[in-house]
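Let's take a walk through a protein model together, starting where two chains meet and then looking at some details inside each one. Have the sequence and the 3D view ready as you read.

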Amino acid sequence: MEYINPEGLRLDGRRFNEMRQILAEVGVVSKADGSAVFEMGNTKVIAAVYGPREIQNKSQQKNGHALVLCEYSMAHFSTGDRRRQKNDRRSTELSLVIRQTMEACILTELLPHSQIDIFLQVLQADGGTRSACINAATLALADAGIPLRDLAVSCSAGYLNSTPLLDLNYVEDSAGGADVTVGILPKLDKVTLLQMDAKLPMETFETVFALASEGCKAIAERVREVLQENTKQLEYRRAA
Amino acid sequence: MMMRKIQLPFTQTQKVRYERAIERLQSLSSTVNSDASVIVTDTIPVNHEDAFLKGHGTSEVDGELLATVCGVVERVDKLVYVRTLRARYKPEVGDIVVGRVIEVAQKRWRVELNFTQDGVLMLSSMNMPDGSQRRRTSVDELNMRNIFVEHDVVCAEVRSIQHDGSLQLHARSQKYGKLEKGQLLKVDPYLVKRSKHHFHYIESLGIDLIIGCNGFIWVGEHVEVRDPVMMIDGQKDDEMISSSSSTKEQSHTPLETRQNICRIGNAIRVLSNLGFTVTVQVITETVNLSNSKNVDIHEMLCSEFHVLVAENEAERRREKRKK
């Protein structure tokens with residue numbers, strides 16, 4: 001199947017280095033300390049952060065650091081086939097991966113004896129749910145006022161028909177080519193997440209990785225815009 | 001739309017009025033503040049030649065001062081820090097807080113305070129029901145449930161902040177202690193400004209209003225504060241014991257007082273939805289506005305009243321600015 005035609009257009013009309021449309025919103029779950037909705041094309045994710053609050057399970061307490069717990073789940077209606085179970089392998093793996101990414105960017109030493117819960121719910125899955133979850137979690141954590149080292153952003157890229165493609169959707173993802181997910185701390189210029197399935201030769205990998213990093217930088221810009229606007233709005237309303 | 005959404009259905013005219021009111025608020029807010037708002041990893045402009053102290057919400061990376069939270073940069077003398085907006089409560093010694101008891105533990109009560117950990121109210125930091133000052137015995141410890149049980153609302157003062165970050169509370173005055181016959185409301189802590197007076201008595205309505213610094217607000221029927229020191233032991237003992245036991249006959253709260261409690265409660269809810277600072281003046285103004293426009297108590301949470309409050313607040317700030 002042709003994933004990128006000779007004119008350079010993909011199945012949804014994008015070019016190889018174009019991302020899907022991003023929509024981000026903060027403060028959607030009023031009861032949570034911080035929350036956000038992040039959409040990348042048709043992939044839609046809600047993140048809710050509760051914390052820092054009292055540790056519920058004292059045995060999990062970490063010395064002098066906050067405990068970060070993350071739960072990733074897909075809504076039953078998020079994909080066409082209604083197969084999702086709560087604790088299936090993929091959800092557990094993604095919960096762990098996202099938890100490690102977010103833990104790397106939260107300043108946990110400043111919040112000892114407390115617990116931060118991140119809940120991620122995928123409402124619509126169309127490829128790139130991992131990246132959308134990390135971006136949504138970053139927005140929610142910043143909204144909750146939790147001190148962060150940097151804003152973790154993530155994007156995915158793949159390699160099909162001998163071309164690196166940015167931001168794969170579900171059809172392109174299931175084509176069997178490589179899928180590289182990159183998570184970056186833009187200001188500190190560090191990589192916190194790097195996952196790939198399938199195999200790639202080294203040079204190709206470096207091209208695909210560079211493309212994904214560019215995508216991450218674009219998302220970082222968008223995330224910053226949303227947070228700036230939100231902070232300004234809150235300050236205008238409050239100031240008395 | 002990028003800002004915090006109000007989950008209310010606005011009609012077209014209401015939307016226009018609301019947005020106009022918000023725009024007026026925007027233009028009225030001081031430009032100093034808006035320029036100083038930062039988000040995570042923004043560089044804070046600081047003169048490196050002057051010695052400055054790095055406060056909360058900042059961190060030094062590669063010689064630059066970065067913000068670690070979203071908020072507004074505040075400078076006090078040489079201290080540079082970032083004041084967060086939507087974070088949990090940041091305690092200071094001497095703050096008056098309102099909380100809910102979640103656990104009766106050994107010689108202490110654990111109180112939920114919207115803080116990173118639960119506050120601890122020691123048995124020894126609480127006045128005995130009979131007013132005597134003595135060492136707490138094991139009998140007192142077994143009778144802790146006569147003072148507070150789970151889900152009781154209490155008012156206390158922050159005594160100290162331990163080295164591990166937990167809060168110690170104390171309730172050694174008659175104005176602190178268990179709160180009854182009222183509502184507990186939760187707003188964001190940044191909407192409550194620290195001031196000298198957190199206990200307010202609205203005489204016209206007969207309502208007590210306690211604005212806790214942690215964002216928990218108590219609205220209740222007015223209770224006369226009795227000073228046990230003035231009680232002579234003997235004839236008053238029976239009264240004290242009977243009043244502190246849970247089987248006393250509850251005096252009936254009149255309907256009007258209950259309606260006033262609900263009205264004030266809804267006014268606070270509206271203010272918190274709109275993100276305006278919550279002070280006694282603003283609350284009483286909102287209640288007067290609802291009365292003057294003949295808005296029913298349950299209608300106060302509808303979109304029309306929200307728009308009215310937003311417009312009123314824009315007016316109020318404009319008046320204040322003129323002075």
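The report below begins with the interface, then turns to chain A and finally to chain B.

## Where the chains meet

Keep in mind that this is a predicted model. How many residues are in contact between chain A and chain B? There are 47 residues of chain A in contact with 47 residues of chain B. Together the two chains bury about 4200 Å² between them, and carbon and sulfur atoms give 52% of that area. Which three residues of chain A supply more of its buried area than any other three? They are Tyr236(A), Arg237(A) and Arg238(A), which supply 20% of the area that chain A buries against chain B.

Four salt bridges are found across the interface of chain A and chain B.

Strand S1 (22-26), strand S3 (43-54), helix H2 (129-143) and helix H4 (202-238) of chain A each supply at least two residues of the side that touches chain B. Helix H4(A) gives the largest share of that side, with 16 residues. What kinds of residues make up the side of chain A that touches chain B? The division is 21 nonpolar, ten polar and 16 charged.

## Salt bridges to look up

Over all chains, the count comes to 36 salt bridges.

| Asp143(A) | Arg86(B) | 3.4 Å |

Asp117(A) belongs to strand S5 of chain A and Arg53(A) to strand S3 of chain A, so their pair ties together parts that are 64 residues apart in sequence.

## Inside chain A

Strand S3 comes up again among the aromatic rings. The whole structure has six aromatic pairs over all chains. In one of them, the ring centres of Tyr50(A) and Phe119(A) are 5.9 Å apart and the planes are at 75 degrees, so the pair is edge-to-face. Tyr50(A) sits in strand S3 of chain A and Phe119(A) in strand S5 (residues 114-124) of chain A, so this pair ties together parts that are 69 residues apart in sequence.

Pro52(A) is also found in strand S3 of chain A. The peptide bond leading from Gly51(A) to Pro52(A) is cis, with omega near -5 degrees.

Phi of Asn161(A) is near 50 degrees, a positive value in a residue other than glycine.

What does the record say about this chain? An unreviewed UniProt entry places the feature "domain: Exoribonuclease phosphorolytic" at residues 18-147 and 150-214 of chain A. Residues 150-214 of chain A are 26% helix and 43% strand, and the end C-alpha atoms of that span lie 17 Å apart.

## Inside chain B

For chain B, an unreviewed UniProt entry places the feature "domain: S1 motif" at residues 92-172. That span of chain B is 6% helix and 46% strand, with its end C-alpha atoms 18 Å apart.

Where in chain B does Asn127(B) lie? Asn127(B) is in the loop between strand S9 (119-126) and helix H3 (138-142). Leaving aside neighbours within four places in sequence, Asn127(B) is in contact with Arg136(B), Ala171(B), Arg172(B), Ser173(B) and Gln174(B). A polar atom of the Asn127(B) side chain lies 3.1 Å from the backbone oxygen of Arg172(B).

Note on methods:
Residues numbered from 1 in each chain as written. Chains lettered and ligands numbered in written order. Predicted model: local features only at pLDDT ≥ 70, side-chain atom pairs only at ≥ 80, totals over all residues. Heavy atoms only, no water. Contact = heavy atoms within 4.5 Å. Buried area = accessible area lost by both parts, 1.4 Å probe. Salt bridge = Lys/Arg side-chain N within 4 Å of Asp/Glu carboxyl O. Helix = DSSP H or I, 4+ residues; strand = E, 2+ residues; numbered from the N terminus. Nonpolar A, V, L, I, M, F, W, Y, C, P; charged D, E, K, R; others polar. UniProt positions renumbered as here; feature names shortened; annotations may be inferred. Phe/Tyr/Trp six-rings, centres within 6.5 Å; stacked < 30°, edge-to-face > 60°. Polar contact = N/O pair within 3.5 Å; in protein donor to acceptor, adjacent residues only side chain to side chain.
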